[in-house]
Amino acid sequence: MAGEPTVRNRYTWRTFSRELIVLLIAAVFCLPLYLLLVVALKPSNQLFTQPLQIPVPPRFGNFADAWAGSGDGSLGTAVISSIVITVISVALLIVFGSLCAYVLARRPGRLSNTLYILFLLGIIIPFQLSVIPLYVGLRALGLVGNYAGMIVLWVGVMMPLAVFLYTGFVRQLPRDYEEAARMDGAGTLRTFLRVVFPLLRPVTGTVAILTGMFIWNDFFASLIFLGGTDYETLPVAIYSFVGEYVTQWNLVFAAVVIALAPLVAFFIVAQRQMIRGFAGGIRG
Amino acid sequence: MASITLANVGKVYKGGNRAVTDLNLDIADGEFMVFVGPSGCGKTTALRMVAGLEDISEGTISIGERVVNEIDPGKRDIAMVFQNYALYPHLSIFENIAFPLRARRVPRAEVREKVERTARLLGLSEFLPRKPRTLSGGQRQRVAMGRAIVREPQAFLMDEPLSNLDAKLRVQMRSEISRLQEELGITTIYVTHDQVEAMTMGSRIAVMRKGVLQQQGHPQEVYERPANMFVAAFIGSPGMNFFRARYACVDDGHVLQLPGQSVRVPEDVVRQRPGLAAYRDRDLAVGVRPEHLTLGSGGGPAISASVVRSEMLGAERLVHVELPASAVVTDEVVEAAADVDATAVTALEEESGQRHVTLILRADPAARVEGGERVEVGVVAPRLHFFDLETGAAIGA
Amino acid sequence: MRQVPWLLAIPAIVLMLGLRFVPAIFSGGYAFTDWTGLTLSANPVGFANFVDIFTSDTTRNALLHTLLLAALLLVLSNVFGLGLALLLHRGLKSRNLLRAMFFLPFALSHLATGYVWQYIFSYTGPFNQFLGAVGLTSLQKTWLADPSWAIYTIVAVLVWQYTGLAMIIYLAGLEGISEELDDAVAVDGASRWLKFRRVTLPLLAPAVTIASTLTLIYGLGAFDQVIALTGGGPVDSTETLATLVWKNTFIYGHFGYGSALALLLATIVAFLSIIQMSILRWRESRL
């Protein structure tokens with residue numbers, strides 16, 4: 001037997017009732033999400049009747065209608081748009097963010113500290129403050145209304161968060177592995193790629209989830225920079241959807257479910273890592 | 001001040017994993033009892049059951065006259081010292097020691113008086129306002145003890161408190177803890193995997209293996225009369241030497257037959273071990289401690305062997321000799337060896353392949369031996385131990 | 001020993017400065033002009049924009065709404081989040097499922113959240129139906145159309161969405177407390193309340209810092225849900241600084257005025273969050 005378990009494993013009636021109560025609270029908590037699903041399956045004339053029951057027969061046609069989209073374009077293009085922008089932005093954030101954090105964490109000193117504080121401030125600055133000059137500036141560079149511009153925007157805007165999360169974690173890592181790699185003759189980049197980055201998996205998970213979620217769900221920036229173009233992301237598409245189908249909640253919610261699905265799937269996969277990443281960041 | 005009684009105590013985890021089986025122990029008031037054994041033997045689990053940190057699956061545990069199976073740890077009037085000290089990092093040393101008193105709503109003035117008195121007893125007075133992270137390992141250990149002492153509980157439970165300290169500190173703290181316990185007279189259960197600690201500190205020791213109590217008694221008794229091969233191998237450093245021999249009856253008495261030689265077993269030794277009679281013409285395991293082997297026969301029974309190596313330890317010399325014989329490689333012996341270190345295990349495994357056994361004997365530092373030299377190794381016959389090869393049990397009375 | 005080169009950090013630094021700081025500074029500049037989207041010229045007007053801000057009822061109220069929203073979100077989401085984390089922390093079998101369930105609302109886009117709750121709170125919607133079903137018909141309202149209730153309704157939605165985030169942060173913090181410490185507290189005989197007050201909470205200080213900072217910053221800048229739920233109405237009763245910035249800038253085209261509002265918002269956010277972080281970091285350092 002390797003080690004003797006140390007957790008008190010008393011599962012009394014008290015624990016059971018606690019579990020039951022919490023499950024109940026959770027169920028009520030998720031009720032709106034359940035409602036979301038239910039309404040998405042309802043025919044238009046039953047929107048407000050029998051709120052808790054899944055309609056029989058469920059009208060899957062709503063999803064098709066939602067997908068077909070409003071006048072300017074189907075949800076399909078919006079999904080592709082969202083995926084492209086989110087995935088590429090997150091990937092770049094991970095790459096540049098981790099590298100930057102590596103430098104900041106392994107080169108302590110005044111410059112590093114100043115930069116770290118700058119990054120912290122970056123998180124605090126509300127987006128609204130930068131939005132107008134950003135628009136003007138990016139438009140001048142021809143980066144408004146296309147993928148490239150949006151990606152550049154996101155990578156810059158979310159970078160402070162990524163660097164913040166990564167730096168805390170890297171600071172905690174013992175230098176032994178890197179020193180061993182150095183002695184084996186590895187250069188900085190190779191050391192980072194082969195040794196440090198794999199160790200950062202929990203934080204990478206956290207960064208991916210937090211930034212990915214934020215970018216995927218963003219409305220404000222996407223509306224301003226991509227509104228009205230072929231590259232609209234999902235939230236913007238839904239917004240115009242709502243504009244057109246104002247009280248047709250079933251169609252609107254069907255669209256929302258379509259927007260939510262990929263995120264939930266990604267979530268279930270990466271959930272574990274996020275907790276460990278946070279824990280590392282907190283101690284750091 | 002109370003006795004502790006464990007009656008038929010067992011622990012089974014969900015999934016069927018059994019950590020402790022049918023443990024019976026009576027610990028008298030004021031006694032210093034040491035649970036000792038290799039990792040995973042169940043000693044910590046047993047301790048935690050006494051503390052109330054683990055549920056008791058079978059049997060009962062009583063502290064004083066009370067059966068405490070269903071009583072919360074905080075209400076059992078026991079105090080515990082943990083392996084990693086478990087000090088509250090955000091509280092000062094004063095508050096750390098005061099914590100159990102505050103939990104019991106002891107009035108301020110009394111808290112102050114008791115904490116200061118305990119701190120003085122442990123030499124911690126100047127550290128009271130500081131935080132744990134500014135203290136050294138040894139000092140933190142003393143704070144953990146202070147937290148336990150300040151409550152004047154009925155019993156102390158200590159879970160390998162010295163294992164995180166360096167060797168010298170450990171020796172120093174060992175005597176401090178012993179002295180303190182004697183002074184305060186509080187019943188103590190001390191868990192360790194270090195048999196030296198067990199031997200030097202305990203008024204009684206309980207050797208455990210795989211959840212089963214192997215033997216309990218005064219350290220000297222366990223040392224001199226081990227109940228089985230595991231206890232014999234586990235207690236004592238360097239460990240007991242084992243080899244396989246055939247016990248035979250010849251014209252003028254009894255001998256142990258080894259490949260190429262016979263070793264006489266004196267009659268008084270045979271008489272004191274009636275159990276040997278059942279092993280006529282059978283193989284058994286012979287055990288003898290390094291301190292009971294001498295360089296040179298001195299007139300008594302002796303084994304011919306050749307010197308392999310000699311280690312100089314300052315106060316004594318350890319001589320390794322080799323003789324043609326079969327090694328005893330059973331689970332017990334391997335497990336006890338594993339507790340020393342991994343090289344001991346590989347050495348054992350190598351030995352079982354060959355037909356040689358290496359014995360270690362203690363010699364005078366001035367003795368001069370050469371590698372390869374043939375020597376007569378004298379055996380202090382009354383100190384021979386015999387064990388059944390299958391059960392491991394001692395053959396004796 | 002070769003040092004890690006600064007080169008590797010350059011892309012991140014450049015992007016961050018260029019896309020966060022530089023525009024912010026420019027915006028700070030625009031705040032002192034009368035620039036509108038229509039004209040190409042921007043004439044400096046000193047503090048005129050700010051005077052307008054503080055003399056306008058709408059804006060002053062929006063400021064109050066912003067602070068109210070943020071304060072309520074901060075307190076409620078953290079209290080509930082901590083409570084849930086404590087409930088979920090040890091021994092529950094469905095722990096992972098529960099964790100996911102409470103976090104799910106956070107995954108819903110803020111805009112979609114607004115729409116879902118708009119449906120729920122509509123006069124013929126599920127919430128009023130529920131009230132009717134349990135006999136509280138008298139409490140039914142036009143939640144989002146009632147000027148005195150709308151803002152609290154919005155707070156409820158925000159709390160719903162952010163409690164999960166706070167909970168996750170506190171769970172991570174609780175996991176950082178060693179089990180041996182729990183054992184020590186058990187043996188020392190501390191009551192559950194004493195344990196919480198003198199051991200758990202102090203050791204959670206870093207988590208409190210992170211959770212409160214994030215919820216405060218978000219609360220002050222909440223936009224998507226407000227727009228989706230009420231659009232700032234009814235009668236400006238849910239107008240916040242964030243929504244005002246949007247309206248003035250992109251709907252009315254008053255870039256200068258909008259920038260002034262944004263600058264005000266940014267100043268408030270920076271000010272409050274720095275104060276908050278200082279207080280909390282100070283408490284942490286007593287650890």
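B:Val231 touches B:Val207, B:Gln214, B:Gln215, B:Val222 and B:Pro226, leaving out residues up to four places away in sequence; two residues are in contact if their C-beta atoms, placed from the backbone, lie within 7 Å. Welcome to this predicted model, in which local features need pLDDT of at least 70, side-chain atom pairs count only at pLDDT 80 or more, and totals for chains, interfaces and linings use all residues. Residues are numbered from 1 along each chain as its sequence is written, while chains are lettered from A and ligands numbered from 1 in the order in which they are written.

**Around B:Val231**

- B:Val231 is found in helix H8 of chain B; helices (H or I, at least four residues) and strands (E, at least two) are DSSP runs, numbered from the N terminus.
- This residue is buried, because 28 other C-beta atoms lie within 10 Å. A residue is buried if 20 or more other C-beta atoms lie within 10 Å of its own, exposed if 12 or fewer, and partly exposed in between, with C-beta atoms placed from the backbone.
- B:Arg209 is 22 residues from B:Val231 along the chain, and their C-alpha atoms are separated by 9.1 Å.

**Strand pairing in chain B**

- Strand S1 (residues 4–12) of chain B pairs with strand S4 (residues 58–63) of chain B in the antiparallel sense, over five bridges. Two strands pair if DSSP finds at least two bridges between them.
- In this pairing, B:Ile4 stands opposite B:Ile63 in S4(B).
- S1(B) also runs antiparallel to strand S2 (residues 18–27) of chain B, and six bridges join them. Here B:Leu6 stands opposite B:Leu25 in S2(B).
- The hairpin of S1(B) and S2(B) has five residues between the strands, and B:Gly15 takes a positive phi near 100° in it.

**Backbone features worth a look in chain B**

- Most residues other than glycine have a negative phi, and most peptide bonds are trans.
- B:Asn8, placed in strand S1 of chain B, has a positive phi near 50° and is not a glycine. B:Asn8 is exposed, because it has 11 other C-beta atoms within 10 Å.
- B:Asp281 likewise has a positive phi, of about 60°, although it is not a glycine. You will find B:Asp281 in the loop between helix H9 (267–271) and strand S14 (282–288) of chain B. B:Asp281 counts as exposed, since 9 other C-beta atoms lie within 10 Å.
- From B:Ser237 to B:Pro238 the peptide bond is cis, with omega near -5°. B:Pro238 has its place in the loop between helix H8 (229–234) and strand S11 (241–250) of chain B.

**A kinked helix in chain A**

- Helix H6 (residues 127–140) of chain A has 14 residues, which at 1.5 Å a residue should span 20 Å, and its end C-alpha atoms are 20 Å apart, which agrees. The expected span of a helix is 1.5 Å times one less than its number of residues.
- H6(A) has a kink of about 35° centred on A:Pro133; the bend at a residue is the angle between axes fitted to the seven residues ending there and the seven starting there.
- Among the buried residues of H6(A) are A:Phe127, A:Leu129, A:Ile132, A:Pro133 and A:Leu138.
- Just after H6(A), A:Gly142 takes a positive phi of about 70°.

- Chain C holds 13 helices and zero strands.
- The C-alpha atoms of chain C fill a box of roughly 75 × 75 × 30 Å, taken along the principal axes.
- Of the 287 residues of chain C, 51% count as buried.
- Chain C has 75 residues in contact with 70 residues of chain A. On the side of chain C that touches chain A, helix H1 (residues 10–30) of chain C gives the most, with 14 residues.
- That side of chain C divides into 52 nonpolar, 17 polar and six charged residues. In this count Ala, Val, Leu, Ile, Met, Phe, Trp, Tyr, Cys and Pro are nonpolar, Asp, Glu, Lys and Arg are charged, and the others, Gly among them, are polar.

**Nonpolar cores**

- The largest nonpolar core has 174 residues, of which A:Ile238, A:Ala255, A:Val256 and C:Leu265 touch the most other members. A nonpolar core is a set of buried Ala, Val, Leu, Ile, Met, Phe, Trp, Tyr and Cys residues joined through C-beta atoms within 7 Å.
- Beyond its neighbours within four places in sequence, C:Leu265 has contacts that include A:Pro126, A:Leu129, C:Leu220 and C:Val245.
- A second, separate core of 115 residues includes B:Leu213, B:Met229, B:Phe230 and B:Ala336.
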